[in-house]
There are 4 protein chains.
Amino acid sequence: MKNSFGTSVIVTLFGESHGPAVGGVLDGLAPGIPVDPDFIARQLQLRRPYGKISTPRVEADKFEILSGVFEGRTTGTPLCIVIPNENTASKSYAKLRTLARPGHADYTAHAKYHGFADYRGGGHFSGRITAALTALGAVAIAALRDKGIVIGTHIARCAGVPDRDFCDLDADLAALSERVFPVLDEAAGQAMQAAIAAAGADGDSVGGVLESCVTGLPAGVGEPWFDSLEGVLSHGLFSIPGVKGVQFGAGFDLADARGSEFNDEFYMDGGAVRTRTNHNGGVNGGICNGMPLRFSCMVKPTPSIFKPQNTVDFEQNEDAVLRLEGRHDPAILHRARVVVDSVAALVLADQLALRFGTDWLRKQP
Amino acid sequence: MKNSFGTSVIVTLFGESHGPAVGGVLDGLAPGIPVDPDFIARQLQLRRPYGKISTPRVEADKFEILSGVFEGRTTGTPLCIVIPNENTASKSYAKLRTLARPGHADYTAHAKYHGFADYRGGGHFSGRITAALTALGAVAIAALRDKGIVIGTHIARCAGVPDRDFCDLDADLAALSERVFPVLDEAAGQAMQAAIAAAGADGDSVGGVLESCVTGLPAGVGEPWFDSLEGVLSHGLFSIPGVKGVQFGAGFDLADARGSEFNDEFYMDGGAVRTRTNHNGGVNGGICNGMPLRFSCMVKPTPSIFKPQNTVDFEQNEDAVLRLEGRHDPAILHRARVVVDSVAALVLADQLALRFGTDWLRKQP
Amino acid sequence: MKNSFGTSVIVTLFGESHGPAVGGVLDGLAPGIPVDPDFIARQLQLRRPYGKISTPRVEADKFEILSGVFEGRTTGTPLCIVIPNENTASKSYAKLRTLARPGHADYTAHAKYHGFADYRGGGHFSGRITAALTALGAVAIAALRDKGIVIGTHIARCAGVPDRDFCDLDADLAALSERVFPVLDEAAGQAMQAAIAAAGADGDSVGGVLESCVTGLPAGVGEPWFDSLEGVLSHGLFSIPGVKGVQFGAGFDLADARGSEFNDEFYMDGGAVRTRTNHNGGVNGGICNGMPLRFSCMVKPTPSIFKPQNTVDFEQNEDAVLRLEGRHDPAILHRARVVVDSVAALVLADQLALRFGTDWLRKQP
Amino acid sequence: MKNSFGTSVIVTLFGESHGPAVGGVLDGLAPGIPVDPDFIARQLQLRRPYGKISTPRVEADKFEILSGVFEGRTTGTPLCIVIPNENTASKSYAKLRTLARPGHADYTAHAKYHGFADYRGGGHFSGRITAALTALGAVAIAALRDKGIVIGTHIARCAGVPDRDFCDLDADLAALSERVFPVLDEAAGQAMQAAIAAAGADGDSVGGVLESCVTGLPAGVGEPWFDSLEGVLSHGLFSIPGVKGVQFGAGFDLADARGSEFNDEFYMDGGAVRTRTNHNGGVNGGICNGMPLRFSCMVKPTPSIFKPQNTVDFEQNEDAVLRLEGRHDPAILHRARVVVDSVAALVLADQLALRFGTDWLRKQP
């Protein structure tokens, strides 16, 4: 489906960084879900550059809902949100048009689209498209929250600086939702920001790991084999620019463990089945076991750096040296968190609609 | 699509561990591809238990091609392979029917299917279904090989023992295709097998990391956003039982790196664009850059262990202690490798058919 | 999806007329649905040749359920049914291999599959594949019936002989379910059979129109635009060999009417909204309005006739004359009816599962 | 996929009649296809009301391309076109909000969306959405034409008045592309327009049959079973509001024929395989045989009429009488023709991209 994803709740993306607009269409969401423009604006704000550690390209991210909302609620028909592009600075890109920026899609876009792609600012490969994903995701996040399903993401690791682990999950998720720089331990957050600023001062960049939790997902959601929760979530998460690894529960961290350590023992907690540990990330056999869903995304260091880099001119087929100018973030982890939350919400809304029907997500009065 | 995957080349799985058979259907493969039953049998043999480190349940894995092959070649119509189940020992499972094996899908299957699932031997969640995936994957692996696209996987890490990295890729892939226990450094393989045996002796199990490489994939294959190569491959790979993490290139291993370390600089190598490092795993912006595709799967320790484990009886809703009997592997990494190769081949065959048309995969005379 | 169809409830077909077997996989059906082998056998019996008006190739249509049924009920995992081929007479086809039978897929299969398709008996294009569709459809038909949704089809017209219209729908549908030659007016049925026999005696064949009704479908099922009930049903129905037209309600029959005649006026019938006429076939804007779903399929005359026909040899690229031998039905309308019912049931089961969730189709105790 | 359609070339629709805009996204089209805004405008003009026989709501149908076009050519990434709504007259609808207009989707939308749908002007069910389909279809029509594939549609029958049949197909298709009221015999067109005007004078409406031909489609395009050309085309065509029947070739018109009349005999025409008749509409076994693709759509009489109609108030659950005011076409056949062409082009572009790869549709220099 290329730029669309989902089976019952389907998101479609469009737009280029320096074209008229980016946007997306969300189809299949239940009718009657409240749509709060302020919440969408707030989520877009979280995706914006932040303080000294981000690019000075600050866009208003004004969005327009073109369809699918009537009298403040979803209609059940496709919801289209468009975010016009403003403040674009195309010239600094034009002169580097045929130099492949390492870690970027310039060369692969050239190979795939034969030179017809809009190269300005990364075109359709720009992280700017995630603004559309964020706006649509906001509607899904709010709808899930009204059904008791809460999603949150923190920077588990950045530039070698670890955050603390989740402990009191409800409190941690509530705290994260208030934080522009999403860490559980604010001292760790200060250290991360210092490391980001240091990298930026060197004309360099950093990456790290985002860890997410989802509470309130009913046991039994998911599918065996190809549409395992791991399969559909990772499919969505790898669409986020810079994500190069996805793990559920402990993942690679416990690659050396034995089964007796890794297995999550079950116990009865009142009438509820729970596990004492959550190394499987709340998923057994592709299906939610009622424990919090837990997954991590490795986000590579931002590929745009100011250090000179060896590369090729893919039209001249010759070696070249790239010296980037313009505006670039030394880290995008903090901005990517809201995109991770959005993708997770859209994927889970789809799974829930498949499992319980298209009306399920509607808040009951 | 649940138990089906793919857009132009589509695989569908069916079967239960202790039912009459497991099997699968492969639709959309080009006509005229040679189908070698011996190669399918050999791939199935690689998936079988091996020596002292695997379960004594040894099945002949006799398979029957029900459709889609005529006079030794694919017809272009759906190819169905069925593998009858034999040598099943259902009784040892029946008495534990309502005890949730930690790390297994017993409880989640109960939550999803309301007690109607075939519980014997894990039913539809059994690793036995991967025999069907392996048989169908063999056809795709051979077809890709005829087009110069070679897939290989080694155990990069098992029970804390690392294998060496890929170096001479063509030679390494050739060597791996001959090895039942797929490592690059045979001494490391001996140490891994000793560690597996030791865990087995303790009634315990181990996991690890499988690393894969694909050579010969043309630059420009893949899609931006949702159908990135990372997205579609991870979707497929997470369907393999036990896989809890997928990364491309360096992934989590370089989470602490800076952009100047992580970025893969381009250079001209004769007329070809190449990169000096391959931390991005051959994928930029979701699209193949012509370098080898490189990804890793974290495989958790086999959840079936012989140590007593605390769990619940999900019909009685009470705590219980599980003492597994029967036959179980202390490790499945070496057996899972051929499943990883198969999934990768099926996913890439799909992407290539989408990109170049349904006839492309046919070997030209 | 080629040989698969559906979004939440998905059917996949495989097999060739003279290969080892035909079969299919049904994925996504709710768990706990009773599966009655006798009803499947009975439906297959309805698809078999009948009396003097059908081919003497009479197969036992023994089927085997390979997966997805446990202790007499669906498990919720993929249900695979295989029907071995027996009594095949391949020789009579081999000598005509490169002569394109008019109205058949011989030439188009050659154009698409470059000569690799199994040509024997029409290969994958054989009406024999509908046995698999019928077996899987039987499970869906029974499940829908348990939820109060009843499907029935009659021969509305054959060889110029019209059946009477539906009148007392419940009684008519009950009567049809008992009839091997499905007409409402048995005298019309006698006239049709005489016309079929007369065509057969001339070495010729006839076609006609099948009209179907579905009662009990809840208002609100369906989608606007592309997944209108008309869209998804016609997509499925046109897969039935020989169907060359599909209409909903009056369709082409009222092409000359005015809006005041065609529109179905609403009225309250007790608490229920109903329409006085049903020219729209129970569908407004792609969505069920609670009235019976009504649609018709035009089935072309069986293309296999014994009269000499001009054609081409598509390997020699020269004109030729075809003289068919072997066994061929002068009409397939009566046999196709159970296939129409099956396709309708599978498509509606999918729509209902999408609308109300995957558990909905399960009969509640 | 609800409001999306296609596998490799995918169209997604959004919008409501009286919301800010209608629009659509076209994904998967080859890069480098020229996009001519004047041709899009011309196609939109053909969809507009025409002369005395159409509604006085005349909108400028100004469209904006938001993405996917760069320097006058497709980029290969999603192409989004938005058409703002203007000149909306919502008030005349508001007072009839809960009266189900016979033949319209008011009641079914209420049943499906629980009262949350935008009811104004039919909301998402409005024929206005076909403006988006027309704009996107224009790009596909032009791309196909550059590859020698030409699509044309005439009003084969309106209000009982027949047009002549296609004879010199290339000349007929060329003539149709120039005509606002698309008939082959202009005298028949005059008679049809008189009949439409007479119905309008009576406060009534008429429908009819649109017949389409596509030349230049290569033999071998299409799939057996579910993705037969008939299946995918009908799926798309039934999404057009008012279409209640679709047939290929002769369809229902030859329901009474014998096989010897219906079968299309093959012959060699130079090096090309052709058929003498085309009762199968160019499709055998779901796959194009190289003859012109031929299909017809029955379009019901416009449901909006000015005669008083009995209906129900679906909120009060009581009988009511509807007296429509406002602006309504007594016929939409002539306007629907460009929508039929658009849907056919989009569906065929998808099939061609699947068959020959995503680059095929690009005009070679």
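By what turn and what shift along the axis can chain A be laid on chain D? A turn of 180 degrees and a shift of 0.0 Å along the axis bring chain A onto chain D with an RMSD of 0.0 Å, where copies are superposed by least squares on the C-alpha atoms of residues with pLDDT of at least 70 in both. This is the relation of a two-fold axis. The C-alpha of A:Thr12 is the one in chain A nearest the axis, 4.0 Å from it. Both copies use the same surface, since 100% of the contact residues of chain A recur in chain D; two residues are in contact if their C-beta atoms, placed from the backbone, lie within 7 Å.

The model is predicted: local features need pLDDT of at least 70, side-chain atom pairs count only at pLDDT 80 or more, and totals for chains, interfaces and linings use all residues. Residues are numbered from 1 along each chain as its sequence is written, while chains are lettered from A and ligands numbered from 1 in the order in which they are written.

Chain A is likewise superposed on chain B by a rotation of 180 degrees with 0.0 Å of shift along its axis, at an RMSD of 0.0 Å. Here too the same surface serves both copies, and 100% of the contact residues of chain A recur in chain B. The contact involves 88 residues of chain A and 88 residues of chain B. On the side of chain A that touches chain B, helix α7 (residues 229-237) of chain A gives the most, with six residues. That side divides into 38 nonpolar, 34 polar and 16 charged residues, with Ala, Val, Leu, Ile, Met, Phe, Trp, Tyr, Cys and Pro counted as nonpolar, Asp, Glu, Lys and Arg as charged, and the others, Gly among them, as polar. Strand β11 (residues 243-248) of chain A pairs with strand β11 (residues 243-248) of chain B in the antiparallel sense over three bridges. In β11(B), B:Gly245 stands opposite A:Gln247. Helices (H or I, at least four residues) and strands (E, at least two) are DSSP runs, numbered from the N terminus, and two strands pair if DSSP finds at least two bridges between them.

In chain C, five strands with antiparallel pairing form an open sheet in the order β1-β2-β3-β7-β4. Strands β1 (4-5) and β4 (64-67) of chain C are at the edges with a single partner strand each, so one side of each has no neighbour in the sheet. Helix α4 (residues 130-146) of chain C packs on this sheet and touches β2, β3 (21-27) and β7 (79-84) of chain C. The direction of α4 makes about 30 degrees with that of β3(C); axes are lines fitted to C-alpha atoms, for helices over the stretch in contact, and angles run from 0 to 180 degrees between N-to-C directions.

Strand β2 (residues 10-15) of chain C pairs with β1(C) in the antiparallel sense over two bridges. C:Phe5 stands opposite C:Val11, and C:Thr12 is the bridge partner of C:Ser4. The hairpin of β1(C) and β2(C) has four residues between the strands, and C:Gly6 takes a positive phi near 120 degrees there. Antiparallel β2(C) and β3(C) are joined by six bridges and form a hairpin with five residues between them. Six of the six residues of β2(C) are buried, so the strand is largely enclosed by the rest of the structure; a residue is buried if 20 or more other C-beta atoms lie within 10 Å of its own, exposed if 12 or fewer, and partly exposed in between, with C-beta atoms placed from the backbone.
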